[in-house]
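Please keep the sequence and the coordinates in view while reading.

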Amino acid sequence: MKRPLVGITADFRTHDSAPYHVVGDKYARAIWEAAGCTPLIIPAMAESQEVSDMLDSLDGLMFTGSPSNVHPTRYGRDADEKAEPYDEARDAMTFGLIDRALEKGLPSLFVCRGFQELNAALGGTLHACVHEVEGRMDHRMPKHDDPDVRYGPRHAMNFTPGSLFAGIAGASEIEVNSLHSQGIDVVAPGLEIEGHAPDGTPEAVSVTGAKAFALGVQWHPEYKALENDFSTRLFRAFSEAVRG
Ligand SMILES: N[C@@H](CCC(=O)NCCCC(=O)O)C(=O)O
C-alpha cells in the first residue's frame, strides 16, 4: 500500500560557501519508521509558488528543529545577537506554510524550532535565552560527544489532566530531552499550553479549535522515536491523523 506523504521543513544553510537545503536525518527517519509515511523535504524557498502549492499534494507536515533561531522581527522584537544564528529563508517558508496548513486542516506536528515558529506565527513571542530568565533551568543541549547523552532524558514534562497530550501519553508525566536555548515567552492567543517543564517553561501545545492534528513540542520525540514509549505514541497519533 502507498504510504502517505509528509512534508518536512528544510533549513537553508551554507557549507563551504555553497548553499544547501538540509534536514536532519532523524526527522525523515521518524516519519518513515515511526509514522509509517514517506518524508518529502520542503526547500526553504518561499519565493516559489510551487513550494507553497506542495501543500495540496501532502497528507501531513512536520516542522523540524534546527540550530538556527526565528528572527526576532517575526515576533515584534529587534534583532538581538543573543538570538543568532538566524535562517530567514526558512522563516519566510515556514511562516507562510503554518497559516496555510492550519487553514487547510493538514495534520501538522511542530518540533523544537517548529514549535517556536508556531507560537510566533500565531502572535506569541520568544525568550532569546530561557536560561537567563529568573528561576528557569538551563534547557540547552548537554555538551557531550555521544548523541544518546545529548538527546537523553533531561527533565519531567507535566501534562494538563484531560489534555490531548495526556491522552496520547496515557500518563500525566513523562521524561523528555532538552536541546533549546529559546522558548515561549508570551503564548500565542491561538494556542493551548498542555505541558510544562518543572521550571514552568511551556513545552507542549495544541492549536485551539484546530481542524486536524496540530500539536507542538519543545523537545525532540523524533530522536530514536521507536525506542521511547511516548514518542512512539505521538508518531502513531500523528500517523492516524495523516491517514484520516
Ligand atoms: N535553535 C532553537 C531551536 C532548538 C532546536 O530546534 N534544536 C534542534 C537542534 C538540532 C536538531 O536536533 O535538529 C533554540 O535553540 O531554541
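Two residues are in contact if their C-beta atoms, placed from the backbone, lie within 7 Å. The model is predicted, and local features need pLDDT of at least 70, side-chain atom pairs count only at pLDDT 80 or more, and totals for chains, interfaces and linings use all residues. Residues are numbered from 1 along each chain as its sequence is written.

By the contact criterion, Cys112 touches Gly65, His180, Gln218 and His220, leaving aside residues up to four places away in sequence. Cys112 is found in the loop between β6 (108-111) and α4 (113-121); here helices (H or I, at least four residues) and strands (E, at least two) are DSSP runs, numbered from the N terminus. A residue is buried if 20 or more other C-beta atoms lie within 10 Å of its own, exposed if 12 or fewer, and partly exposed in between, with C-beta atoms placed from the backbone. Cys112 counts as buried because it has 25 C-beta neighbours inside 10 Å.

Because 9 of the 9 residues of α4 are buried, the helix is largely enclosed by the rest of the structure. Its buried residues include Arg113, Phe115 and Glu117. Just after α4, Gly123 takes a positive phi of about 105 degrees.

Which strands make up the open sheet, and in what order? The sheet has 9 strands in the order β4-β1-β5-β6-β13-β12-β11-β8-β9, with mixed pairing; two strands pair if DSSP finds at least two bridges between them. Its edge strands are β4 (38-42) and β9 (173-176), each of which pairs on one side only. The twist averages 25 degrees from one strand to the next. Within the sheet, β6 and β13 pair in the parallel sense over 4 bridges, and Val111 has Val217 in β13 as its bridge partner. Helix α4 packs on the sheet, touching β1 (5-9), β5, β6, β11 (191-196), β12 (202-207) and β13, and its direction makes about 110 degrees with that of β6. Axes are lines fitted to C-alpha atoms, for helices over the stretch in contact, and angles run from 0 to 180 degrees between N-to-C directions.

Val111 is also among the members of the largest nonpolar core, of 58 residues, that touch the most other members, as is Met62. Such a core is a set of buried Ala, Val, Leu, Ile, Met, Phe, Trp, Tyr and Cys residues joined through C-beta atoms within 7 Å. The contacts of Met62, not counting residues up to four places away in sequence, are Val6, Ile8, Tyr27, Ile31, Leu109 and Val111.

Most residues other than glycine have a negative phi, and most peptide bonds are trans. Asp16, however, has a positive phi near 50 degrees, and is exposed, with 5 other C-beta atoms within 10 Å. A cis peptide bond, with omega of about 0 degrees, joins Glu84 and Pro85.
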